[in-house]
Amino acid sequence: SNGDYMIVCNNDITFIDPHWLEELLKPLKEGAGISTIRTTEPDGWQTEDRYEENAHFGSLYCLTRATYETLGLLDERFGKGYGEDLDYWHRARNAGIRIVKNHNGLAEHLGKATFKVTDPTDSYFNEFLFKYHEKWPTEHRIFIFNGNEVISFNKWELQDMSEADKKYYCQQEISIEELERRWKHAE
């Protein structure tokens, strides 16, 4: 790419809003380094005229040339799917890059259509957790949720999370070693 802006987009996105590109670029033109718009997973279909700072991005986002020159390429250790976007978000936060989600734009994300996966504890997800923990060992924590579902949060997600959400999601922390034992036992 040799343009001022670069769009990263999953292959399971449908552009249902004719103004999606305009809304995606708007925060960048106002000083953000990375921008995203609403997607139908998990945000739903409703748009609203507001920005959200430090929002997660993944299935569709745009970055400035300066952001790309600061952060570089996506980390290929994560392979195809799961984690390269979260890692990029984490790196952007650590670098102090402004991330904005424009809730006035909308695209449909078919969600996991690439892998045809419905179980959040599938092997792709588990492999992502180990790779992410390997890269960010002191900035990444893993929890058991709803008895056996595995979820993880990095330092930025935990920092931004409300106290109510922390009480709900972060009740039982688990080490990466215990997760590996459980995963191998399940095989």
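Helix α7 (residues 176-186) holds both E178 and R181, which sit three residues apart, about one turn of the helix. In this predicted model, the side chains of the two residues meet in a salt bridge, with 2.9 Å from N to O. E178 is partly exposed, at a relative accessible area of 25%.

**Salt bridges across the chain**

| Salt bridge | N to O distance |
|---|---|
| R98 and E53 | 2.8 Å |
| E178 and R181 | 2.9 Å |
| K135 and D87 | 3.0 Å |

What does the bridge between R98 and E53 tie together? R98 lies in the loop between α3 (84-94) and β6 (99-109), while E53 belongs to strand β4 (residues 51-53), so the pair connects parts that are 45 residues apart in sequence. R98 counts as partly exposed because its relative accessibility is 32%. E53, at 41% relative accessibility, is partly exposed too.

K135 and D87 also meet through their side chains. This pair links distant parts of the chain, with K135 in helix α4 (residues 123-135) and D87 in helix α3, 48 residues apart.

Elsewhere, salt bridges that share partners join D75, R77, D87, R91 and K135 into one network.

**A hairpin with an enclosed strand**

Let's turn to the strands. Strand β7 (residues 140-145) and β8 run antiparallel and are joined by six bridges. Within this pairing, F143 stands opposite I151 in β8. The hairpin of β7 and β8 has three residues between the strands, and N146 takes a positive phi near 55° there. Why can β8 be called largely enclosed? Five of the six residues of strand β8 (residues 149-154) are buried, so the rest of the structure largely encloses the strand.

**The protein as a whole**

Stepping back, the protein has seven helices and nine strands. Of its 187 residues, 46% count as buried. Among contacts between residues at least 6 apart in sequence, 75% join residues at least 24 apart. The protein exposes about 10300 Å², and carbon and sulfur atoms supply 48% of that area.

Key
Residues numbered from 1 in each chain as written. Predicted model: local features only at pLDDT ≥ 70, side-chain atom pairs only at ≥ 80, totals over all residues. Heavy atoms only, no water. Buried < 20%, exposed > 50% of the residue type's maximum accessible area, 1.4 Å probe, protein only. Helix = DSSP H or I, 4+ residues; strand = E, 2+ residues; numbered from the N terminus. Pairing = 2+ DSSP bridges. Contact = heavy atoms within 4.5 Å. Areas by Shrake-Rupley, 256 points an atom, 1.4 Å probe, with all protein chains shown as cover. Salt bridge = Lys/Arg side-chain N within 4 Å of Asp/Glu carboxyl O.
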